[in-house]
Amino acid sequence: MDVSVKLDTSKFERAAAELKKQLPYASSVALNNVAFRIRGEERSAMGRVFKNPAKLTLNSVLVKKATKCSGIAKIFIRDQATNGTAPSKYLAPSVIDVKRNDKRFERALQHMGVLPSGMYVVHGKAARLNKHGNISAATYKKILAELRAGSGSGQDKKGKYFVGKVNGVLGVWNRAGGKRRPTVKPILIFLKGKPDYKKRFPFLRIAEGIARRHLPIELNKAMDHAIATAKRP
């Protein structure tokens, strides 16, 4: 005499098949929710790390959404700009601790032959900065226009800006004071060697921390919702 015991696994198999069916969709939902959470925190961190960041900087963190097929959501810094330098380039020294690239203005001065090889430009004490801590694009254009017109040689007294060495300091200077009390003020200073910026924006650490904490939670929520709202045959 014997007794046979059989386990009916059909319900488990159906449940497993349903989980497998819903997993790609639930994964994409969870990944996108976490990606946009990361973007929001990156933007908030920029406001804390940088002084009065420009709108272009604050809006530079973008998301490429995951799909059921790709299974990957990407968070990245914008690598294009309509005018000026792309955020991915000027933020790189603050994110990955590298020396900055040559600025467009520096390349223009090099092309004109007034910025010596191996020298780079930093703000002078008399430079007028905007709320983001930068010289305006209009000022850069005006400086370049005067230098290109030939008034930047230091010999033409009509030019407001000129390139020259004053008290041993080479740079772009601004003539001021008028005829009675003429003087010059440093707008841009030329330095040897690229300015070295220390890494101070933890872009990767922020993203990794949020993903580690929130991805399991978001995946459970997405799976529960997907199964609850799935169409039954």
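Me: I see that F50, F201 and F203 form one aromatic cluster. What counts as a pair here?

Reply: Rings of Phe, Tyr and Trp (its six-membered ring) pair if their centres lie within 6.5 Å; planes under 30 degrees apart are called stacked, over 60 edge-to-face, and the rest tilted. This is a predicted model, in which local features need pLDDT of at least 70 and side-chain atom pairs count only at pLDDT 80 or more, while totals for chains, interfaces and linings use all residues. Residues are numbered from 1 along each chain as its sequence is written, and side-chain values use heavy atoms, leaving out hydrogens and water.

Me: How many aromatic pairs does the structure hold?

Reply: Three. One of them joins F105 and Y140, tilted at 45 degrees with 4.5 Å centre to centre. This pair links distant parts of the chain, 35 residues apart: F105 sits in helix α5 (residues 104–112) and Y140 in helix α6 (residues 137–148). Helices here are DSSP runs (H or I, at least four residues), numbered from the N terminus.

Me: Is Y140 buried or exposed?

Reply: Buried means under 20% relative accessible area, exposed over 50%, and partly exposed in between (1.4 Å probe, protein chains only). Y140, at 18%, therefore counts as buried, and F105 is buried at 8%.

Me: Why is the pair of F201 and F203 tilted?

Reply: Because the planes of F201 and F203 stand at 55 degrees, with ring centres 6.2 Å apart. F201 is buried at 1%, and F203 at 10%.

Me: Where does α7 kink?

Reply: At H214, by about 40 degrees, shortly before the proline P216. The bend is the angle between axes fitted to the seven residues ending at a residue and the seven starting there.

Conventions. Helix = DSSP H or I, 4+ residues; strand = E, 2+ residues; numbered from the N terminus.
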